[in-house]
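Subject: Handover of a structure and the findings from it

Dear colleague,

Please find below the structure that I am handing over to you. The findings follow directly after it.

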Amino acid sequence: MKIPLPFLSVSDSAKVKPAGRPQIIPPTTRLPEPESNTFKGFFMRAYARLIEKIDKKNPWYRGSLPYSLLMLIGLRWRLRENNLYDTHLPGALSKAPDGGFKASYLTNRTADGTYNDLENPMMGSAKSRFGHNVPLEYAFPDSEPAIMTPNPREVSLRLMTRDTFQPATTLNMLAAAWIQFMIKGWFSHGSNQKENPWKIALPQGDNWYENPMTILRTADDPTRTPEEAGLPPTHLNVESHWWDGSQIYGSSPEMQKFVRSGIDGKLKIGEDGLLHIPPNAPVQPSSVPGWWLGLSMMITTFTLEHNSICDRLKAEYPHWTDEELFQRARLVNAALMAKIHTVEWTPALLANPALQIGMRANWWGLVEEKIYRMFGRISQSELISGIPGSPKDHFGVPFGLTEEFVAVYKMHPLIPDEYSFRSAADDSVIQELPFDRITGPQVDPLEEQLGMANIFYTFGTSHPGAITLHNYPRHLQTFERPDGRLMDLAAHDIMRTRELGVPRYNKFRELIQLPRINSFEEMTANPAWQAELREVYQNDVDKVDLIVGMFAETPPPGFAFSDTAFRIFILMASRRLNSDRFFTTDYNVETYSRAGMDWIDNNDMFSVLLRHYPSLRPALRGVKNAFAPWNRVS
């Protein structure tokens with residue numbers, strides 16, 4: 001947690017000054033007194049420091065269930081205290097946006113995320129800056145030639161390329177579709193700038209269509225001022241930072257106006273239950289890189305869910321206007337998605353007993369769901385009764401997503417290269433297609449041809465890829481963008497992470513309170529990978545890229561991704577709820593309505609799927625988690 005600048009003494013700042021780097025004291029927006037300055041805060045700080053020392057010798061997952069839970073509580077506190085950094089200039093977030101304040105903002109989410117925090121209305125809004133999870137003095141990208149070392153294309157070809165598909169057998173493909181659905185509404189750096197691209201020399205024998213390979217740079221931040229010349233580069237998130245369903249509703253008034261039908265609060269969708277985006281849409285999804293069948297099916301389903309929520313609210317409150325129905329349904333739909341992500345998707349990917357309890361506790365508290373349903377909240381404490389409905393807490397730092405959060409969610413190995421579409425009625429094969437046939441403008445006709453129930457059944461009964469080295473989709477290494485440009489997305493991921501100032505693997509671990517890796521043998525138990533890493537990174541373990549290290553690392557038992565990635569996850573996943581007024585102080589009947597709160601409480605991914613695709617019922621019979629493999633109906 002960052003103490004506001006008046007409380008940061010010279011001796012305190014000297015403790016974190018790194019050798020060879022300029023000292024950076026981050027600009028700070030003044031926030032309410034952080035909890036770390038209370039008696040509870042002093043106790044928790046001492047507890048968290050003790051836990052950190054224990055964790056480095058005996059990681060949290062190598063112990064009993066009580067040990068793991070107590071460790072995770074301390075680790076999260078330590079990360080909140082040390083790994084949240086804002087990049088805005090003082091006062092930037094407190095400025096009133098164009099149009100000023102309206103009374104409706106007290107109970108409605110704005111389209112662009114402004115006025116979630118009423119004292120700092122620009123906080124978390126669309127076109128505000130990404131923050132960092134590492135001290136800003138470590139967020140400078142390397143200059144050339146160091147930023148090109150080792151060659152990103154060589155890293156892609158030699159360490160990432162999928163030799164044989166390695167499945168994640170505890171998951172189904174909905175898990176892969178879901179996370180991109182979430183990311184679509186969480187963050188985007190926007191259109192890349194075409195001037196002065198990165199130029200990557202091709203390794204010997206590489207037959208890429210151009211030499212050098214070009215990778216477009218991330219767009220510059222137009223809000224940067226000359227006074228910030230000594231600070232690390234900053235970049236804008238064109239989406240709202242809040243968990244507000246912007247992948248469906250958009251992050252601008254124009255997009256929100258376009259998606260609404262104007263009748264009973266509902267969104268536009270065809271009578272056949274498909275989106276059918278018209279040519280006059282502000283954004284054509286098929287023209288945006290990353291549009292594929294998995295993303296479309298999720299957006300379609302939660303558009304239908306929004307309209308079902310409107311029907312329920314209309315029945316309960318028949319006097320409500322189109323505007324009132326839309327705003328309440330949007331709140332409910334966004335909260336339901338956050339709940340599904342917290343208590344269903346995450347436990348599916350992190351199948352560890354402590355995490356099963358911890359993630360459910362994020363939503364319902366340690367007293368669990370049964371007590372919540374019987375008595376409601378029994379405490380203001382998020383630990384006892386969950387984050388939704390607890391007091392809002394920014395942990396002393398303005399809320400915003402971070403460049404490191406973006407980096408750890410680069411989980412492209414989840415995507416298979418080949419798809420066998422099957423019938424939900426009898427499991428028979430309908431059609432087999434490669435990944436490049438289920439992207440872009442091919443999505444709409446494919447949904448009409450296959451039928452959404454069959455598509456969901458196919459995804460529910462097939463596996464995504466394991467998040468490891470040598471499992472990157474080949475189709476994404478030769479991905480054709482909607483504008484016809486070819487790109488190696490693996491090389492792009494490597495270059496983008498370096499460019500955005502995210503430290504390399506070993507420094508990153510050090511800065512998030514994990515022990516450094518001293519050898520390639522410590523990084524991975526796979527001897528072949530050890531040799532490849534040593535050769536590509538010229539025997540220097542400190543040069544290993546964050547993504548490569550996370551893919552090479554052996555995950556904790558039951559985990560689909562590394563413990564290194566998990567540290568940012570446990571910090572940022574709960575923070576996204578803690579900081580949001582509509583998940584904390586305004587998560588109540590007065591804001592959502594009684595019918596809206598009941599909808600959130602009584603629904604999950606199972607009920608959403610069966611409401612809109614009831615023919616999936618046989619495949620879901622007896623399944624414990626909608627993101628785990630389903631039954632084959634044959």
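A residue is called buried here when its relative accessible area is under 20%, exposed when the value is over 50%, and partly exposed in between. By that cut-off Q513, at 10% relative accessibility, counts as buried. Please keep in mind throughout that this is a predicted model.

Overall form

The chain contains 26 helices and eight strands. Along the principal axes, its C-alpha atoms fill a box of roughly 65 × 60 × 50 Å. Among contacts between residues at least 6 apart in sequence, 75% join residues at least 24 apart.

How are helices α8 and α25 oriented where they pack? Helix α8 spans residues 293-316 and helix α25 spans residues 605-612; the angle between them is about 85 degrees, and their axes lie 10 Å apart. Since angles of 65 to 115 degrees count as roughly perpendicular, α8 is therefore roughly perpendicular to α25. On the α8 side, the residues that take part are M298, T301, F302, L304, E305 and S308. They meet M605, V608, R611 and H612 of α25. By type, the residues of this contact comprise five nonpolar, three polar and two charged.

A covered helix

Helix α15, residues 452-460, is mostly covered, with nine of its nine residues buried. These residues are M452, A453, N454, I455, F456, Y457, T458, F459 and G460.

Buried residues and their contacts

E344 belongs to helix α9, which runs over residues 322-349. Is this glutamate buried or exposed? With a relative accessible area of 7%, E344 falls under the 20% limit and is therefore buried. When neighbours within four places in sequence are left aside, E344 is in contact with K339, D604, M605, F606, N625, A626 and F627. One of these, M605, also takes part in the contact of α25 with α8. F627 is 283 residues away from E344 in sequence, yet their C-alpha atoms are 7.4 Å apart in space.

T584 is located in the loop between α22 (563-578) and α23 (589-592). Its relative accessibility is 0%, so T584 counts as buried. Apart from residues up to four places away in sequence, T584 touches I387, G389, S390, P391, K392, L577 and N578.

Backbone features in loops

P150 sits in the loop between β1 (128-129) and α4 (152-160). The peptide bond from N211 to P212 is also cis, with omega near 5 degrees. P212 lies in the loop between β2 (193-200) and β3 (213-217).

For H470, phi is near 55 degrees, a positive value in a residue other than glycine. H470 is placed in the loop between α15 and α16 (474-477), and with a relative accessible area of 8% it is buried. For Q513, phi is near 65 degrees, again a positive value in a residue other than glycine. Q513 lies in the loop between α18 (505-511) and α19 (520-523), and, as stated at the outset, counts as buried.

A partly exposed residue

A92 is found in the loop between α3 (65-82) and β1. Its relative accessible area of 26% lies between the limits of 20% and 50%, so A92 is partly exposed. Along the chain, A92 and P121 are 29 residues apart, and their C-alpha atoms are separated by 9.6 Å.

With kind regards

Terms used: Residues numbered from 1 in each chain as written. Predicted model: local features only at pLDDT ≥ 70, side-chain atom pairs only at ≥ 80, totals over all residues. Heavy atoms only, no water. Axes fitted to C-alpha atoms, helices over the stretch in contact; angles between N-to-C directions. Helix = DSSP H or I, 4+ residues; strand = E, 2+ residues; numbered from the N terminus. Parallel < 35°, antiparallel > 145°, perpendicular 65-115°, else oblique. Contact = heavy atoms within 4.5 Å. Nonpolar A, V, L, I, M, F, W, Y, C, P; charged D, E, K, R; others polar. Buried < 20%, exposed > 50% of the residue type's maximum accessible area, 1.4 Å probe, protein only.
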